[in-house]
Amino acid sequence: MVEVLQQIINGIAIGGVYVLIALGLTTVFGILGIAHFAHGSVSMFGGYLTFFFVTSWGIPLLLAILIALLVGLVLGVLIELLAYRPVRDANHINAFIVALGLTMMVEGINLELFGHEQVVIPTDFSRVFNIGGVTIPELRLYVILAAALLIAAMTVFVERTKTGQAIRAVAENRDAAILMGVNVKTIPLVVFAISTALGVCAGVMVGSLFAIAPGIGEGLVVKGFAVLILGGLGSIPGAVVGGLVLGITEALAAGFISSAYKDVIAFVVMISVLLFRPQGLMGKA
Amino acid sequence: MARNRTFILYWLALVGFVLLPQLISVKYYIHLCVLALIWVIAAQGQNLIQGYTGYVSIVQAGFMGIGAYSTALMGMHFDLPVWLTIILAPFVTAFFALLTGYPSLRVKGHYFAIVTLAFNMVIFIVLMNFHDLTQGEAGITGIPKPGGKDALFNWRDRETYYYFVLIIAALMTGLAALIVRSRIGQILVAIRQNEDLVGAVGIAAWKYKLFAFVTSAMFAGLAGAIYAHYQSFINPEIFGIAQSLDAILAVIIGGSGTIAGPIIGAFFVVFLPEYLRFADSFRLILYGLVLVLATIFMPRGIAGIARDLMEKRRGRT
């Protein structure tokens with residue numbers, strides 16, 4: 001039982017990362033109808049950048065994260081302006097292919113700037129808490145808390161603020177939003193900035209919990225989409241539930257079945273959800 | 001008239017391909033041409049689902065892997081002749097395509113792409129980790145060439161294999177053209193243009209989507225099988241997501257939704273990296289840039305541009 005609880009805690013930590021990635025993807029998809037496939041690689045870019053600032057320039061971790069966030073924000077805005085806006089009115093398939101091309105480019109840039117060795121962002125959180133036989137490393141606890149905080153902030157932003165309302169309005173009905181005076185030219189920029197910032201946070205979490213290496217970003221974005229398929233498109237609660245389900249399933253699979261095949265098991269779960277609930281666990285039928 | 005002219009163009013292209021090995025003196029280029037022709041088969045399949053039906057599938061290389069491993073393993077374990085395992089390989093691939101296609105085609109658009117991509121990851125993981133069957137990262141060596149010791153042709157010769165692959169690639173291109181021109185092909189295009197409308201006139205779109213997906217997988221399986229017997233060696237490395245992206249690139253660059261497109265595109269994706277060798281690690285960045293720019297500025301591909309030019313000239317005269 002303790003063993004199961006232990007794996008569930010591990011699953012919640014990685015699930016939190018998945019939720020953050022999925023939140024970025026779902027807002028972009030809601031507004032622009034784009035499967036922003038480069039999201040994972042951009043997130044990893046943020047993680048790499050933080051690593052670089054901390055190890056090479058000796059900048060304190062929090063400040064490094066902040067700078068990486070700002071760079072990520074700019075990068076997100078640039079991606080929207082230069083790559084996605086030109087194909088905005090074309091077939092959706094074109095936007096997706098642009099996204100694939102962007103992924104290659106960002107992966108290539110990561111490789112060029114940071115090499116192909118895997119890197120771990122150093123932190124001084126090395127304590128381990130022990131609660132009734134379940135061990136929780138300090139770092140893992142902070143990751144879970146930070147993820148929860150970010151999810152809450154995102155929910156409040158989308159539900160309560162004026163800009164959040166505008167974002168929801170554009171997602172609901174673009175034409176009506178224009179008539180209501182929403183500036184549909186700037187909303188995508190805001191969305192990309194926020195989603196990239198969330199992604200950078202996820203990248204830092206991955207980089208400190210596990211490691212960043214080439215290809216990790218692509219794996220992560222696939223997980224993010226899997227979360228959306230699991231949870232149901234366009235719903236924040238869906239992303240949260242989907243992310244936790246995927247994270248916990250993976251952790252349990254890795255702990256009790258086989259760590260090499262944990263992704264295969266996650267895929268099987270995703271396919272079975274598609275078979276029985278194509279609209280996702282929390283989606284509306 | 002226009003149809004006759006395209007027909008003549010295809011025959012001219014075929015004659016060109018037949019003469020090609022006589023014009024090329026460097027053996028390495030013949031090798032690249034064989035690879036490109038193998039990619040033509042895979043890209044024609046990709047075009048059926050991506051170009052005509054409008055669903056991006058990111059598992060073409062994974063399916064090539066299933067084809068390659070199934071032909072190699074059937075030959076090793078059941079002692080079947082090479083030609084038979086090559087024929088059986090696409091059917092093994094089709095089985096897996098059916099298994100994943102049915103649930104994933106229930107979701108539309110991008111989500112289908114993601115599910116297929118996840119499936120490519122699964123194929124890769126299984127090929128890497130299922131040591132007893134696939135020998136993991138080391139791969140399978142000594143896959144026999146077609147034809148026994150006293151065969152009619154010398155299969156070890158690259159030129160012989162070139163002609164063998166050329167015949168298959170031409171046949172598969174012909175098959176793709178037949179499918180596209182048939183009623184099924186028209187429905188596939190209709191699905192791309194307006195899927196809801198297809199459903200509204202009483203056609204079960206999912207059956208046709210599944211058909212397109214499974215057929216495209218069979219093309220890939222065949223390409224993979226031919227590749228395995230050509231190289232005599234396979235490992236999981238070349239059946240990853242990056243190679244599936246190559247298949248997508250081939251269709252886009254060549255011209256999606258055209259029969260000539262995948263042929264041009266396949267040669268493009270095989271030869272472009274060769275020419276980008278000087279760029280070394282910048283290759284990935286350049287490659288991505290080409291993909292982005294091509295999609296933004298020439299979404300109809302090389303074949304589309306060529307057709308536009310031809311029509312413009314015809315309009316003038």
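At the start of helix α6 of chain A, a side-chain oxygen of A:Thr161 lies within 3.0 Å of the backbone nitrogen of A:Gly164. This pair meets the criterion for a polar contact (N or O atoms within 3.5 Å; within protein, one must be able to donate a hydrogen and the other to accept it, and residues adjacent in sequence count only if both atoms are side-chain atoms). The model is predicted, so that local features need pLDDT of at least 70 and side-chain atom pairs count only at pLDDT 80 or more, while totals for chains, interfaces and linings use all residues. Residues are numbered from 1 along each chain as its sequence is written, chains are lettered from A and ligands numbered from 1 in the order in which they are written, and side-chain values use heavy atoms, with hydrogens and water left out.

Helix α6 of chain A spans residues 162–172, and its buried residues include A:Gly164, A:Ala166, A:Ile167 and A:Val170. Seen down the axis of α6(A), the buried residues fall within an arc of 160° and therefore line one face of the helix; the arc is that of the directions from the helix axis to the C-beta atoms. Helices (H or I, at least four residues) and strands (E, at least two) are DSSP runs, numbered from the N terminus. Residues are termed buried under 20% relative accessible area, exposed over 50%, and partly exposed in between (1.4 Å probe, protein chains only). On the face turned away from the buried side, α6(A) carries the exposed residues A:Lys162 and A:Glu172. Cover for the buried residues of α6(A) is provided by elements of chain A including α1 (2–32), α5 (138–160), α7 (174–179) and α8 (187–209).

Helix α1 of chain A also contains A:Asn10, which counts as buried because its relative accessibility is 18%. Neighbours within four places in sequence aside, A:Asn10 is in contact (heavy atoms within 4.5 Å) with A:Arg140 and A:Ala251.

Eight salt bridges are counted over all chains, each being a side-chain nitrogen of Lys or Arg within 4 Å of a carboxyl oxygen of Asp or Glu. One of them joins A:Arg168 to A:Glu159, with the closest N and O atoms 3.7 Å apart. Both partners are partly exposed, A:Arg168 at 34% relative accessibility and A:Glu159 at 39%. Another salt bridge, between A:Lys262 and A:Asp263, has an N to O distance of 3.8 Å; A:Lys262 is partly exposed at 27%, whereas A:Asp263 is buried at 18%.

In chain B, the side chains of B:Glu195 and B:Lys209 form a salt bridge of 2.8 Å, N to O. This pair links distant parts of the chain, 14 residues apart, with B:Glu195 in helix α9 (residues 195–200) and B:Lys209 in helix α10 (residues 205–231). B:Glu195 is buried at 17% relative accessibility, and B:Lys209 is buried at 4%.

Positive phi values in residues other than glycine occur at B:Asp79, near 60°, and at B:Ser232, near 65°. B:Asp79 lies in the loop between α3 (60–78) and α4 (82–104) of chain B and is exposed, with a relative accessible area of 67%. B:Ser232 lies in the loop between α10 and β2 (233–234) of chain B and is buried, with a relative accessible area of 18%.
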